Amino acid sequence: IFSAFCSFSPMAEDDDNMEYTYEEEDEYVMEEDNQDFAQDDAEVEVENKYYSAKSLVDEDPTAAYAALKEVLEQDEQHAKWTFKALKQMVKCLRRLKKFDEMKARYRELLTFEYSGLTRTHVEKAINKCLDSASTAGPEVLRGLYEITLEAIGRDIKNQEKLWFNVKLKLATLFFETRAFRELKEAVGQMKQWCRDPTQKDKYDVKKGTQLLTICSLEIQMYTELQDLSTLKALYHESLEVEAAIPPPRILGIIRECGGKMFMRQENWEEASSAFFQAFKNYDEAGDPRRIQCLKYLVLANLLSSSKINPFDSTEAKPYKGDPEIVAMTDLIEAYEAHNIARFESIVRTNRSTILEDPFMKDYLAPLLRTTRTEVLLQKCKPYTRMRISFISEELNISEDEVEQILVGLILDKRLVGSIDQVNRLLHLGDASKQQKRYGAMQKWSSQISAIQTGLAGRLL
């Protein structure tokens, strides 16, 4: 037994050594665990400080900004929490109206990188920062857009969609601030982006929706500039753009601008058709602009002397009782009843609905003239002769204005008659028959005079 025990004694020594080794490994593992726990605790502390600061951004941006600076200092890994803190710092500075510092922090955010940062994270951060700065004013916004485009420019091939969206926002800002020279340049760059890479003279069908959006912005610009020749070509070009799913709101903008173009050309029927299509597009998109477009539709309809009531359509009928539309429906009723006094009264009592829109105000005079013309034609039907003074009282305008309307109607052959300017009378009927009668009487008178002269000569 002893000899056996002695033979096993070295094994016992090895066991001790092994046990000693295990103790060292355990201590090492415990040290690593402690370090991990310490790192986790530090990260948790940074995380808590970040969320505490974030909760103060709206209520106390000064305190929030100070806390976020501490997050930057304590984030040893200089990663996720630094990126998030920079984003919130931009929002704080926007609230504090420290715009120069805000731009600097925003630039720092866009150039910041860490291993876990994805393109999606960057895009979300950009969109949130730009949205939060939307009320900071056009100059500040323009600076942020340009900083963004500068950062994207380094990797535009991989961020085409983001580049286009930011460029479009900048172009929209140019339109709103009437910076048309810069807008033309931006539109040109975006249209170039829409070109088919394999066929430079054609647009990429896959980018049809984006191209249509660009066209809508360009059409609005030329509508403001009142460049009818360019607008006409651009309008027809935009209607031919192929888009997989054309956005109804964008189509509404294009159609509305087309309607305004036709109005300036006094092509009332085409304008009415364009406004009706625009109204349907806006209605489909749920855009409140549909009410204003419906007013323009009524205006174009009245100017074209159309007998069709636009509110008879299934699309427009639900809006007949809308407070902003009631005045327009009343105008239609007064027009159909040929009641000029009622028509003028509606215009006067609904100034906020009708006259505050600069576009509608421009067409008030033609609208009243058209309405008076229709009333005049109705008044003339039962008469063969009318005093111009009587017409003046009925239409509530001067005799000179009445005469101008009558001359226009006679020349356009909408009214058969003649004006006696000496006696201030309107003679109604076929003027050619009267002229033939007068000619025959003159000829007869001449013949009688010749016979009388001949008889007198014979008697002498």
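Visitor: Which residues line the largest cavity?

Guide: In this predicted model, the largest cavity is lined by Val-298, Asn-301, Leu-302, Ser-306, Ile-308, Asn-309, Pro-310, Ile-332, Tyr-335 and Glu-336, and the elements that give two or more residues to that lining are H13 and helix H14 (323-336). About 60 Å³ of space lies in this cavity.

Visitor: Why is H11 called roughly parallel to H13?

Guide: The axes of helix H11 (residues 248-264) and helix H13 (residues 289-303) cross at roughly 25°, and because angles under 35 degrees count as roughly parallel, H11 is roughly parallel to H13. The two axes come within 11 Å, and their crossing is left-handed.

Visitor: How do you know that H11 and H13 meet, and which residues are involved?

Guide: Contact means heavy atoms within 4.5 Å, and by that rule Glu-256, Lys-260 and Met-263 in H11 meet residues of H13, among them Arg-289, Cys-293 and Tyr-296. By class, this contact has six nonpolar, no polar and three charged residues.

Visitor: What makes the residues that line the second largest cavity nonpolar, polar or charged?

Guide: The lining consists of Leu-299, Leu-302, Met-328, Leu-331, Ile-354, Met-360, Leu-364 and Leu-367, and because Leu, Met and Ile count as nonpolar, the residues divide into eight nonpolar, no polar and no charged. About 50 Å³ of space lies in this second largest cavity.

Key:
Residues numbered from 1 in each chain as written. Predicted model: local features only at pLDDT ≥ 70, side-chain atom pairs only at ≥ 80, totals over all residues. Heavy atoms only, no water. Axes fitted to C-alpha atoms, helices over the stretch in contact; angles between N-to-C directions. Helix = DSSP H or I, 4+ residues; strand = E, 2+ residues; numbered from the N terminus. Parallel < 35°, antiparallel > 145°, perpendicular 65-115°, else oblique. Left-handed = near helix turned anticlockwise from the far one by under 90°. 1 Å grid on protein atoms, 1.4 Å probe; cavity = no way out; pocket = protein on both sides within 12 Å on 5 of 7 lines; lining within 4 Å. Points joined across faces, edges and corners; volume = space filled by probe spheres on them.
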